[in-house]
Amino acid sequence: QYHAHMLEAIDLVRDLCARHAIDAQPHGDGEAVLAHHPAQLAGLAAYRDFQARIFGEHFTLLSREDLRAAGMGGPGFFGGLTRERGFGLHPLAYARGLAAAAHRAGARLHAHSPVVAWRSRGTRHELTLANGARVSAGQV
């Protein structure tokens, strides 16, 4: 179930960006995990094999030379693992876009209000803020 939800999340983020005109600066086609030490390559190969066996996912194991040829080389990278699902984005632009969409939909946003305690009270959530104020919400 986790794996299925992870793949659904990729589509959800793409859909939210399109539906709410969020310019999260999407880039790339796929996902890459890079090995920062030669010993990590064996773990990446095992992960690739596991994903293929359990989920039918196709990952490509890349050598240091393969990374260079793909424009992902660098002195601290010894290889990597890629797949075609996923994409990169600018996380702050995405978060700001989600906040703007929530605000347009009527959500009340409370910036600079760190939550120091969170309790469930029946079907409500009670949040205690750093300044001692309390907020009750149906969803958080």
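A35 stands opposite G79 in strand β3. Strands here, like helices, are DSSP runs (E, at least two residues, for strands; H or I, at least four, for helices), numbered from the N terminus. Before going on, the ground rules. This is a predicted model, where local features need pLDDT of at least 70 and side-chain atom pairs count only at pLDDT 80 or more, while totals for chains, interfaces and linings use all residues. Residues are numbered from 1 along each chain as its sequence is written, and side-chain values use heavy atoms, with hydrogens and water left out.

Back to β3. It pairs with β1 in the antiparallel sense, over five bridges. Two strands count as paired if DSSP finds at least two bridges between them. Strand β2, residues 60–63, also runs antiparallel to β3, joined by four bridges. There, L62 has G80 as its bridge partner in β3.

How many residues of β3 are buried? Five of its five. Buried means under 20% relative accessible area, exposed means over 50%, and partly exposed is in between, using a 1.4 Å probe and protein chains only. In a regular strand, side chains alternate between the two faces of the sheet. In β3 both faces are covered: G79, L81 and R83 are buried on one side, G80 and T82 on the other.

Take L81. It belongs to β3, residues 79–83. What does L81 contact beyond its neighbours within four places in sequence? The set is E31, A32, V33, L44, Y47, R48, F59, T60 and L61. Contact means heavy atoms within 4.5 Å. For D23, 58 residues from L81 along the chain, the C-alpha separation from L81 is 27 Å.

Next, the loop between α1 (2–19) and β1 (31–35). A21 sits in that loop. Its phi is positive, near 50 degrees, and it is not a glycine. A21 is exposed, because its relative accessibility is 71%. Q25 lies in the loop between α1 and β1 too. Its phi is near 55 degrees, again a positive value in a residue other than glycine. Q25 has a relative accessible area of 42%, so it counts as partly exposed.

Which residues make the nonpolar patch? Y47, F50, I54 and F55, covering about 350 Å². Patches are made of residues with over 30% relative accessible area and no salt bridge; like charges are joined within 9 Å, nonpolar side chains (Val, Leu, Ile, Met, Phe, Trp, Tyr) within 5 Å. A salt bridge is a side-chain nitrogen of Lys or Arg within 4 Å of a carboxyl oxygen of Asp or Glu. Areas come from the Shrake-Rupley method with a 1.4 Å probe, and for residues only the protein chains shown count as cover. F55 is in helix α2, residues 40–55. At 35% relative accessible area, F55 is partly exposed.

Last stop, the β5–β6 hairpin. Strand β5, residues 124–129, and strand β6, residues 134–137, pair antiparallel over four bridges. Four residues lie between the strands, and G132 takes a positive phi near 95 degrees.

E126 is in β5. Is it buried or exposed? Buried, because its relative accessible area is 17%. Its bridge partner in β6 is S136. The E126 side chain makes a polar contact with the R121 side chain, at 3.4 Å. A polar contact is a pair of N or O atoms within 3.5 Å; within protein, one must be able to donate a hydrogen and the other to accept it, and residues adjacent in sequence count only if both atoms are side-chain atoms. Leaving aside neighbours within four places in sequence, E126 contacts residues including W118, R134 and V135.
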